Amino acid sequence: MSEGKLLEIHIASEKGGPMRSVDEVRVVPGRGLEGDRTYLRAEARGRDAEPHREVTLIECETLEALPRDSGFELTAADTRRNLLTSHVPLNHLVDREFRIG
């Protein structure tokens, strides 16, 4: 696999709330990113988050292609995804377990 990079981390404390960029975050298995809405909802319910909702990712290459392909521009925070990656073919990781960091 290629040498991927984590470029940005974003969390939002409530559903639909503004995404804020952080330099680092604690990841808790079964809960997600500490301080993020998914983590806080799971904590309030006293049970784990749905596995497919703990952390979301997007490739910077996708964001770079948007203006070229559609004339539409988005930032990583606009996508409401937690992690912005580079050189990580995310579609190849669907339904697979993998590590970050």
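This is a predicted model: local features need pLDDT of at least 70, side-chain atom pairs count only at pLDDT 80 or more; totals for chains, interfaces and linings use all residues.
Residues are numbered from 1 along each chain as its sequence is written, and side-chain values use heavy atoms, with hydrogens and water left out.

**Exercise 1. The overall layout**

Task: Work out which pattern of helices and strands the protein follows along the sequence.

Solution: 
- Step 1. Begin with the inventory: the protein has two helices and six strands. Helices (H or I, at least four residues) and strands (E, at least two) are DSSP runs, numbered from the N terminus.
- Step 2. Now compare sizes. The radius of gyration is 14 Å, close to the 13 Å from the globule rule for 101 residues, so the protein is as compact as a globular protein of that length. The radius is taken over C-alpha atoms, and the rule is 2.2 Å times the number of residues to the power 0.38.
- Step 3. Along its principal axes, the C-alpha trace spans about 45 × 30 × 25 Å.

**Exercise 2. Buried residues**

Task: Decide which residues of helix 1 are buried, and whether Thr79 is buried or exposed.

Solution: 
- Step 1. Set the cut-offs: buried means under 20% relative accessible area, exposed over 50%, and partly exposed in between (1.4 Å probe, protein chains only).
- Step 2. In helix 1 (residues 37–45), the buried residues are Arg37, Thr38, Tyr39 and Ala42. Their cover includes strand 3 (27–28) and strand 4 (32–33).
- Step 3. Thr79 sits in the loop between helix 2 (60–70) and strand 6 (83–86). With a relative accessibility of 13%, Thr79 counts as buried.
- Step 4. Leaving aside neighbours within four places in sequence, Thr79 is in contact (heavy atoms within 4.5 Å) with Ile58, Leu63 and Leu74.

**Exercise 3. Salt bridges**

Task: Count the salt bridges, then say how accessible the partners in each one are.

Solution: 
- Step 1. Apply the rule, a side-chain nitrogen of Lys or Arg within 4 Å of a carboxyl oxygen of Asp or Glu. The count is three.
- Step 2. Glu34 pairs with Arg26, their closest N and O atoms being 2.9 Å apart. Glu34 is partly exposed at 35%, and Arg26 is partly exposed at 48%.
- Step 3. Arg37 pairs with Asp36, the closest N and O atoms being 3.1 Å apart. Arg37 is buried at 13%, and Asp36 is buried at 1%.
- Step 4. Arg68 pairs with Asp69, with 3.0 Å between the closest N and O atoms. Here Arg68 is exposed at 63%, and Asp69 is exposed at 57%.
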